[in-house]
Amino acid sequence: VTNMLQKKKREADYRNKNMLLGPNLEKVETRDDAFLKKVKSVLEERFKSEEFGVEDLAEELGMSYIQFYRKFKSLTSSNANEYLRQFRLTKAAHLLKNDANLTANEVMYMVGFSSQSYFTRSFKKMFKTTPGSYQLKESGVTSS
């Protein structure tokens, strides 16, 4: 039983990591993979809207919120709301790293956050630094 639970956790971690960072190179093999691919596709299209949430994601997939939440949690061992936040923060980090002309506030709005304090707090929790510091460090710009 312990081995089965550990295997399920490893599979969920693998799927979760590939959804956030992996390229779209794999062929769809199972219904679960097709479901996760569709989730990622919808997120890529709609994450920029601050009104877009898990309820809207579930609706786009033709599911009730509870049905979606349970299926997503069983496949990824991840909370759907937390995943959406991580998805947005990962996009924000990418923008901050690759475009020195953007301010942290501009990026915040571009990825669907409307509260600067919530964005900064969430970003700092995930990346252990503020968005501005992350941008300076990752873009190679040094402050004098």
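In the predicted model, the charged end of Lys 71 sits over the ring of Phe 35, at 5.0 Å from the ring centre. Phe 35 also belongs to a cluster, joined through ring pairs, whose other members are Phe 47, Phe 68, Phe 72, Tyr 83 and Phe 87.

Across the whole structure, a search finds twelve aromatic pairs. One of them is formed by Phe 113 and Tyr 118, whose rings adopt a tilted arrangement with 5.8 Å between centres and 45° between planes. Within this pair, Phe 113 is buried, having a relative accessible area of 5%, whereas Tyr 118 is partly exposed, with a value of 31%. A further tilted pair is that of Phe 123 and Phe 127, with 4.6 Å from centre to centre and 35° between the planes. These two residues lie four positions apart in helix 7 and are therefore separated by about one helical turn. Phe 123 counts as buried at 0% relative accessibility, while Phe 127, at 24%, is partly exposed.

Helix 7 itself comprises the twelve residues 116–127 and spans 16 Å from its first C-alpha to its last, close to the 16 Å expected at 1.5 Å a residue. Phe 119, Ser 122 and Phe 123 are buried in this helix, and because the buried residues fall within an arc of 100° when seen down the helix axis, they line one face of helix 7. The face turned away from this buried side carries the exposed residues Arg 121 and Lys 125. Just after helix 7, Lys 128 adopts a positive phi of about 65°.

Conventions: Residues are numbered from 1 along each chain as its sequence is written. This is a predicted model: local features need pLDDT of at least 70, side-chain atom pairs count only at pLDDT 80 or more; totals for chains, interfaces and linings use all residues. Side-chain values use heavy atoms; hydrogens and water are left out. The expected span of a helix is 1.5 Å times one less than its number of residues. Buried means under 20% relative accessible area, exposed over 50%, partly exposed in between (1.4 Å probe, protein chains only). The arc is that of the directions from the helix axis to the C-beta atoms. Rings of Phe, Tyr and Trp (its six-membered ring) pair if their centres lie within 6.5 Å; planes under 30 degrees apart count as stacked, over 60 as edge-to-face and the rest as tilted. A charge sits over a ring if NZ of Lys or CZ of Arg is within 6 Å of the ring centre and within 35 degrees of the ring normal.
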